[in-house]
Amino acid sequence: MARLSSRTDLRAAGAGLLVIVLLVLLVGDGRTVGRPSGPPNTLEVAWSYVTTGRALDARDVPPALSDEALAIPVGRSVRVVETRSGQLLSIVDGFAEEAPDLGLSGGVLFLVDTQDHFKDTLRAYDPATGRELWHRRAAPRPDGKGAGDFVAGGVLLADWGPVVMDGDRVLALEPRTGAVRWNVRLDTHCANPHPYVDVPYRMAETSARLLLLRHCTGETAELQAVDERDGRSVWRKRLGPGKNISVSAADGAIGVRMDDEFRLLTEPGEEILRQAGFGYPLGEEQGVVYAGVGQKLRAFRADTGKPAWKRARPTTGFAFMKDGLIVEDTSTDGSYSGDGRWSAGDAAGQGPGASTFVALDGRRTASVPWPVAGTLLGASRELLVVRSEEAKGTRYTGLRPGHRAKDAARPVALGGSEPRHWPDACGLVDAGLLSELAPDYLALPGKQSRTLRGVRLPHPSVCRFATESGDGSDVFSVTVRWVAPDATAARTYAASAMPWGCAPSLGGCVTAEIEKPRSGAWLYTYRTGLESRPVAHATVVSGRYVLGVAAGEDEPAHRALVRRVALHLSERGGHRE
């Protein structure tokens, strides 16, 4: 019995050792039990907050976003929202004009108030209460002339606290008191000063460094890195001469634009890439530096500068790195990229906005839909924040990335809906209605509409209707804009997918005229095209289906046609699959 017990003990010990070895191998391989493999492939709503009024009215001041809060300009006030829960923290108001430029830095809200005859004032507020903590007037130019200016590069709201230009010095301020933490003297003398530049410096920041770019016309540009803790100079780098020079930074990575050339540097100042064209740094993680270079995402070893991988990226939008993920804006009908404003879509636009996630090893997801159309503002910790225009205000949505089991029948790019649930756009209009409209209507399916976001659909999702004998004035189209997971999601998407706001590409704010004759049906006209001619469109929500109707120019006959078809679809919906 003693011998059997010893053998059993040995087997148990061996099994335990095997488990330990396997666990060590798993940990060494970067995996843990239960951790999802690969980048996220879903986006769930964490919270939603709606402001009254238009974010785009009168003046477009983009919101400010940090890991703790979202600051939203609304008319003459700023609303501060806590980004963990989406709850309103405070309202700062009392401005004589629209809300000034703003930002979040060191856990404090900062507003640059320019209303006092261009003598700028930097004001600090407690985000939790809206109480003003302190304010500081901008200093005149180093020669003592001119008014103080914080807008044109004179202030940097770094994550670790504000930095301001003050004459021939740069000052790092304590966020809650405004006390000077440290200062650095600047060489502001240029042999050939630019007439419109008071101080020949531009600033950027990483999590540990303040970057000071000195550029005088005809002189060699120089980049200096300063320790954010004490203002000590860490390194200087001569960049050479150039006409248009700028600096940008992300945690652990620095980008310099020299005329038509992009240079990528590590935080210690080592150059690892020099290439013609456009680029921007994304950050550094575990000894690898990431950047957007032209139309590619690229990764480099920080110690050797050798390429690690590269991937193509969308032709529009931007990318940023957060919590070990690269988040890409996407080229979809519902993603409005650019200057933070969105251009009005139309009834032929398909799908909400979306993001693509790229893991640090280069693995990429399919386009992951949002629940709304709108503009991606950025990230607050792990949450993405999207801004959408709606009929009665502006919606801000916090989206939490997640994972779900891969299912070929429910593609990620369609938001988890099955392709078989997408109806035939040509079959949505009943033959009886077509015969009432005209005896010889033909249904012409869109040639490319069987594929949406890379997914093959069983039916065309766009159909054009025209008469054989007509002159083109009776043409209309029906589009399956989106098949949402449920009716609530369909209404949410549709509420943000109409031209409520402005269209900068059309030369200004062109607000649609919208009528709602029945629940779930919106008829609207708005201007589009180079000649800004109004067109007649409609959006219809029936259950989980979002449908669009479009005709020609905004004429009585076209409006009547759109109304007839839209009301027909609102009764019938997408039930004919």
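This is a predicted model: local features need pLDDT of at least 70, side-chain atom pairs count only at pLDDT 80 or more; totals for chains, interfaces and linings use all residues.
Me: Which strand does β6 pair with, and in what sense?

Reply: β6 pairs with β7 (residues 108-113) in the antiparallel sense over five bridges, where pairing requires that DSSP finds at least two bridges between the strands. Within that pair, L102 stands opposite L111 of β7. The two strands form a hairpin with two residues between them, and G106 in the turn has a positive phi of about 60°.

Me: Which residues other than glycine have a positive phi?

Reply: D323 is one of them, with phi near 50°, and R381 is another, with phi near 55°. For background, most residues other than glycine have a negative phi. D323 lies in the loop between β26 and β27 (325-329) and counts as exposed because its relative accessibility is 58%. R381 is found in the loop between β30 and β31 (383-390), and at 30% it counts as partly exposed.

Me: Switching to the whole chain, how many helices and strands does it have?

Reply: The protein chain has four helices and 41 strands, and buried residues make up 50% of its 577 residues. Taking a contact as heavy atoms within 4.5 Å, 52% of the contacts between residues at least 6 apart in sequence join residues at least 24 apart.

Me: How much space lies in the largest pocket?

Reply: About 1,800 Å³ lies in the largest pocket. Of the 50 residues that line this pocket, the closest to its centre are L65, D159, F320, K322 and A379. A pocket here is an open set of points on a 1 Å grid over the protein atoms alone, where a 1.4 Å probe fits, with protein on both sides within 12 Å along at least five of seven lines, and lining residues have an atom within 4 Å of a point. Grid points are joined across faces, edges and corners, and the volume is the space filled by probe spheres set on the points.

Me: And which strand gives the largest share of the lining?

Reply: β22 does, with six residues. The strands that each supply at least two lining residues include β6 (101-105), β22 (279-285), β26 (319-322) and β30 (375-380). By class, the lining has 23 nonpolar, 14 polar and 13 charged residues, where Ala, Val, Leu, Ile, Met, Phe, Trp, Tyr, Cys and Pro count as nonpolar, Asp, Glu, Lys and Arg as charged, and the others, Gly among them, as polar.

Me: Where is R313 found?

Reply: R313 is found in the loop between β25 (307-312) and β26, and it counts as buried because its relative accessibility is 10%. Leaving out residues up to four places away in sequence, R313 touches Y280, Q295, K296, L297, F318, A319, E328, D329 and R364.

Me: How many disulfides does the structure hold?

Reply: The structure holds two disulfides, each being a pair of cysteine sulfur atoms within 2.5 Å. One joins C190 to C216, S to S 1.9 Å, and its torsion about the S-S bond is about -55°, so it is left-handed. C190 lies in the loop between β13 (180-185) and β14 and C216 in the loop between β15 (209-214) and β16 (221-227), so the pair ties together parts 26 residues apart in sequence.

Me: What about C426 and C463?

Reply: C426 and C463 form a disulfide with their sulfur atoms 2.1 Å apart, and with 95° about the S-S bond that link is right-handed. The pair links distant parts of the chain, 37 residues apart, with C426 in the loop between β32 (393-402) and α2 (431-437) and C463 in strand β36 (residues 462-467). C426 counts as buried at 15% relative accessibility, and C463 counts as buried at 0%.

Technical notes
Residues are numbered from 1 along each chain as its sequence is written. Side-chain values use heavy atoms; hydrogens and water are left out. Buried means under 20% relative accessible area, exposed over 50%, partly exposed in between (1.4 Å probe, protein chains only).
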